[in-house]
Amino acid sequence: ALTREEGKNGKLMKTLLEKEITNNNIVSKEIPCIAFANGKDYSRLVSILQQQENDNSNETVVPFFDYIVITSPQAAKVFH
């Protein structure tokens with residue numbers, strides 16, 4: 001079973017075919033196993049990510065977070 005979202009398994013499928021792994025009566029099938037959805041606390045997450053704080057040195061408002069790193073390309077699409 002190829003478990004990435006449908007249509008995203010081509011590279012692995014090609015590798016399996018090249019290595020003749022699937023030629024031994026083994027059938028591979030796309031079965032997406034992950035779904036993205038807003039969780040029940042999504043609005044809280046948005047609120048936290050939008051928080052700002054006062055910079056006491058010059059009394060300006062700056063973002064609370066300097067950086068937010070999302071390492072998964074699929075997860076990044078949720079925040080795009």
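Q: Where does Asn-9 lie?
A: Asn-9 sits in the segment before α1 (10-18). Helices are DSSP runs of H or I with at least four residues, strands are runs of E with at least two, and both are numbered from the N terminus. By the way, this is a predicted model, where local features need pLDDT of at least 70, side-chain atom pairs count only at pLDDT 80 or more, and totals for chains, interfaces and linings use all residues. Residues are numbered from 1 along each chain as its sequence is written, and side-chain values use heavy atoms, leaving out hydrogens and water.

Q: What does the side chain of Asn-9 reach?
A: The backbone oxygen of Arg-4, at 3.3 Å.

Q: Which residues is Asn-9 in contact with, leaving aside neighbours within four places in sequence?
A: Leu-2, Thr-3, Arg-4 and Glu-30. Contact means heavy atoms within 4.5 Å.

Q: What is the relative accessible area of Leu-49, and what does that make it?
A: Leu-49 comes in at 31%, so it's called partly exposed. Leu-49 lies in helix α2 (residues 42-49).

Q: How far apart are the C-alpha atoms of Pro-63 and Gln-52?
A: They're separated by 4.3 Å, though the two residues are eleven apart along the chain. Pro-63 belongs to strand β2 (residues 60-63). Leaving aside neighbours within four places in sequence, Pro-63 is in contact with Gln-51, Gln-52 and Glu-53.

Methods. Buried < 20%, exposed > 50% of the residue type's maximum accessible area, 1.4 Å probe, protein only. Polar contact = N/O pair within 3.5 Å; in protein donor to acceptor, adjacent residues only side chain to side chain.
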